[in-house]
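Have a look at the structure first, then work through the points below.

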Amino acid sequence: MADTSGTIDLAALDGWMREFARLVAENRDELTRLDSAIGDADHGINMDRGMTAAVSALDAATPAGAAGMFKKVGMTLVSTTGGASGPLYGTLFLRFGTAAGEVGELTAATFATALRAGLDGVVQRGKAELGDKTMVDALAPAVDALDAGLAADTSLGAALAAAQAAADAGRDATIPMLARKGRASYLGERSIGHQDPGATSVALLVTAAATVLGTPGQR
C-alpha cells in the first residue's frame, strides 16, 4: 500500500488495477447503456472483458517491476478489448509503465509523471483534445489536479482525492458537449445530452487510484 510519505509499491499498483477491474465489472451495464446512446453499445462489455483478462495475466505471473506490470496490462488490453478502448487504454498503461520504469516502488511525483505520460499517449493515439467528448475530458483534469495537489505539498491521498473530483467533474461536463471524435461524432448534434462512456470509465480508473493508493487517513 501507499505509505504516509506517498511511496507506492508494486502491491499497491496491482491493487489499483484490481480495483479498477472490480469497478468496471460493477458498472459494466451502465457503461454499455451509455455507449448504446452514442456508440456501439459495447464499452462496458469490452472493458470488463479486457480488465478481467488483465487481472488473470497478473495472476499468472507477478512482474518484477512497474514497467513490466503495466506492459502486461497494456498489451492484454490491446489484444482482448474490442473497439477503440483496447488501443487507447493499452496505450495509457504502456506509456505509464515506460515512464515509471522497471522499479519496485514509485514516489508520488513519479506516479504523477507516469500518469501524465499515459494521458499524452492517449491524446497522441486518439487525436483528441479537451472538449471533444472523449476519455480525455476526464483524464486531463484528473492529471492536472494531481499535479497541482502534489505541487502544493499536499499528501498523495489528498491529491488523488482532488484528481477523483476533477475526473468526475470532467465526466459530467461531457453531457452537454458535441462529440468531435470517435463513433459519437457521427451523430452530430444528437450526441449532445449524453454522458461519454470513455470519460465515465476513466473516472472509475481515478476513483480506483484514490481508493487504493491514497494514504489510509485520506481514503
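1. Let's begin with how α6 and α7 cross: α6 passes α7 in a left-handed crossing. Keep in mind that this is a predicted model. The axes of α6 and α7, the latter covering residues 136-151, come within 10 Å and cross at roughly 155 degrees. Angles over 145 degrees count as roughly antiparallel, so α6 is roughly antiparallel to α7.

2. Who makes that contact? On the α6 side you'll find A108, A109, F111, A112, L115, R116, L119, V122 and V123. Facing them from α7 are V136, L139, A140, V143, D144, L146, D147 and L150. Keep an eye on F111 of α6, as that residue comes back in the next point.

3. Now the aromatic rings. The count comes to nine aromatic pairs. Take W16 and F111: the ring centres sit 5.3 Å apart with the planes at 65 degrees, so this pair is edge-to-face. W16 belongs to helix α1 (residues 10-26) and F111 to helix α6 (residues 108-126), so the pair ties together parts that are 95 residues apart in sequence. Are these two residues buried or exposed? Both W16 and F111 are buried.

4. A second pair worth a look is F70 with F96. Here the ring centres are 4.5 Å apart and the planes stand at 55 degrees, so the pair counts as tilted. F70 is in helix α4 (residues 66-80), while F96 is in helix α5 (residues 85-100), so this pair ties together parts that are 26 residues apart in sequence. F70 is buried, and F96 is too.

5. Which residues do the ring pairs link into a cluster? They are W16, F20, F70, Y89, F93, F96 and F111.

6. Reading along the sequence, the order is β-α-α-α-α-α-β-α-α-α-α.

7. Finally, some overall numbers. Of the 219 residues in the protein chain, 53% are buried. Among contacts with a separation of 6 or more, 69% come from residues 24 or more positions apart. The chain exposes about 9000 Å², and carbon and sulfur atoms supply 54% of that area.

Technical notes. Residues numbered from 1 in each chain as written. Predicted model: local features only at pLDDT ≥ 70, side-chain atom pairs only at ≥ 80, totals over all residues. Heavy atoms only, no water. Phe/Tyr/Trp six-rings, centres within 6.5 Å; stacked < 30°, edge-to-face > 60°. Helix = DSSP H or I, 4+ residues; strand = E, 2+ residues; numbered from the N terminus. Buried < 20%, exposed > 50% of the residue type's maximum accessible area, 1.4 Å probe, protein only. Contact = heavy atoms within 4.5 Å. Areas by Shrake-Rupley, 256 points an atom, 1.4 Å probe, with all protein chains shown as cover. Axes fitted to C-alpha atoms, helices over the stretch in contact; angles between N-to-C directions. Parallel < 35°, antiparallel > 145°, perpendicular 65-115°, else oblique. Left-handed = near helix turned anticlockwise from the far one by under 90°.
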